[in-house]
Amino acid sequence: MSAALEAFVAPWRYHLDHNGDSKFRDTRKTQFPDYYHKHSATTQGADADTLITTSHIHSFQLGTGASIYTQAILPAILQARREIILVTCFWAKSDTLTALCDTIAQLAQERERLISQSEAPIAPLRIRICFSSRSLFQKLFHPNSRDGYVYPPHTWHSQLGLPAAEALRAGAIDLQVKTLFFLPFSVMHPKFVVIDRQRAWLPSCNVSWEPWLEGCVDISGSAVSSLMHFYQSVWESDLPVLPADSDTSPLSPEILPSWLNVIQSPASRFAPLSMDAIPTVLLPSSHHQNPCFRPFPWMDDPKPPLTPLNVAVSCLLDMAHHSIYIQTPNLTSASVMDGILQALGRGVHVTIVTGKNMMLVEQIVTAGTTTSRCLKSLIRRYHHLKGSSSSLTQPQVDDALATNPDVDLEAGRPRLGRLRIAYFRSDALAKGVSEEPVQSHLKLTIVDDEYTILGSGNMDRASWFTSQELGILFRSVQFANVLSSNANDVLKMRTDTIYESGRARDD
C-alpha cells in the first residue's frame, strides 16, 4: 500500500474498528451487508481489508444515462462470453431500457445462430438483472426479506420490457431478474455492470428516462473481485464458479455494432485512459431501515451509521489540506455540512455543485428539509465562522499554524477557505436539444486533487442513513485531474453561482 493511501486508510480503519466513536452510530447488527476491519467470534461480516485493492482504469465518461449505456455499457454486454451482471436502482420505460432490450435480443439471436451451426454444445450465458424500484405499487407490496423477489419468466416482457423468455431460451441465455426493497424507503441504490467477472462499469445512472448529467468509470483488476464479493453478499449468496473459458482474449467493448442506436448528448465527454495499479478502495454503504428522524428542531442531529462509505467521506473532509470539490444531486446530510464547515475553518477551499429543486418531495420525506434550506444554513454558518475566527485563543492559533500552511501570519490566525456554491442548469444554447441534461445526477468528490470518490452515494440524508450505496475511491492525481478537467468543461455553461466568498456581494 502506498504511503499516500495509508494516510487515508489509517483513520478510516480506526473509525471502523472503534464503533463507539462519537461521529458514527454503531449499526453492526443491522448492516446489510456489514464490513468491519475486525470481527469478534460472535460477529459475522467481511473484513474491511478486502475492500482495499487496486484497479486498472480504462475510461471515464460523462453524458446522460441513455448516452452512457448506448456508447459504453451495451457494447460491453455484447462482448460477454459467460456472464452479465447488471445492478441498478430504478427501472423504468425509457430509451435506455429499449436499447438494453434490443441488445439482449440481438445477443440471443447471435447465440441461437451459433448453436445451430456448432457441433459442440454452447455453454449458457448467465444474465443477472437486479434492481430495487419500479413503481409505488411494487414497493408497497414488496417482500420484506433479504431474499428479495424473483420475477417469473412470463413477466419479463410484459412487465419489465425485456425479451420474451422463449427467445432467451433459444439462445441458451439463463436470465434471472431480482428485486430488493425495504419499507419505508430503503432502496438498494448501487449501480454497476460486471462482464465475465473481468471488467466493471460503475455509472451514476439508472435504467430510466431522466435526461440528467451522469458519469461512468470503467475498470478491471482486483477491484472487480471485491465488487463481486459485494454483489454476492447482497444479491446472490450461492454465486457459482464460472467454468473456464478457452477464449482468453481481452474484452473489447469499444466495438459498436451498426444496428445499435447510439444516443448522443451535448454533455457527452469520453476520456480514454490506461492507468494500471491505481490504489482503490471499494466503499459500500449498507442498508438500514431506521431513518433515526428527529422531528423537533431542538433535538440533536443523530449520528450517521458506521459504514465504509460514510466513514470515508468524513475522513477525507477531515484530512483535506487545500481543496474539496463536491458535485451531488442533493445536499442534506448534516455530517457532510459539518465536515465542510470545519474544513473551511482550516483554510480549505470548497466548491459545491448541486441541484435546485431536484426531487423535492423525496428530500422532504427522507430528510425533513431541502438542499436550498441546507445551503442557506451553511452560508449563514460560514459568515458566523468569519466573525468568530478573529477571536481564536492562542492554543487554537498555535495548532492552526502547526497544521495549516495557508495561514495569515500577520493576523496570527488561519485564513478561512473560500466557499463557492453553484446550481446546475441546462445550457441555455442547447435548450430543447435531445439529451441536454436538465439536472446533474453525478456523484463526485475530489479532495486535494488526489483522492476521488465516484459511485451511487449522494451527500443527502437518505444516502447517509437508509439507502444501500456503493462508492469507489481512487488515489491518483492524474485521474483526479482528468475528472476535474472534463467536469469543468461540461459545467462551463451549465451552472449558476449562488454564492462565492470574496465577491462584493459577500462583503
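Q: Where do F8 and W12 lie?
A: Both are in helix α1 (residues 3-17), four residues apart, about one turn of the helix. Helices (H or I, at least four residues) and strands (E, at least two) are DSSP runs, numbered from the N terminus. The model is predicted, with local features needing pLDDT of at least 70 and side-chain atom pairs counting only at pLDDT 80 or more, while totals for chains, interfaces and linings use all residues. Residues are numbered from 1 along each chain as its sequence is written, and side-chain values use heavy atoms, without hydrogens and water.

Q: Why is the pair of F8 and W12 called stacked?
A: Rings of Phe, Tyr and Trp (its six-membered ring) pair if their centres lie within 6.5 Å; planes under 30 degrees apart count as stacked, over 60 as edge-to-face and the rest as tilted. The centres of F8 and W12 are 6.0 Å apart and their planes are at 25°, so the pair is stacked.

Q: What makes the pair of Y149 and Y151 edge-to-face?
A: The centres are 4.9 Å apart, with 75° between the planes. Ring pairs also link Y149 and Y151 with W91 and F131 into a cluster.

Q: Why is Y149 called partly exposed?
A: Buried means under 20% relative accessible area, exposed over 50%, partly exposed in between (1.4 Å probe, protein chains only). Y149 has 33%, so it is partly exposed.

Q: Why does Y151 count as buried?
A: The relative accessibility of Y151 is 4%, therefore Y151 counts as buried.

Q: Why is R494 called buried?
A: R494 has a relative accessible area of 4%, so it is buried. R494 lies in the loop between α14 (477-491) and β23 (495-500).

Q: What makes the link between R494 and E436 a polar contact?
A: A polar contact is a pair of N or O atoms within 3.5 Å; within protein, one must be able to donate a hydrogen and the other to accept it, and residues adjacent in sequence count only if both atoms are side-chain atoms. The side chains of R494 and E436 are joined at 2.9 Å.

Q: How do you know that R461 lies over the face of F465?
A: A charge sits over a ring if NZ of Lys or CZ of Arg is within 6 Å of the ring centre and within 35 degrees of the ring normal. R461 is at 4.1 Å from the ring centre of F465 and lies over its face.
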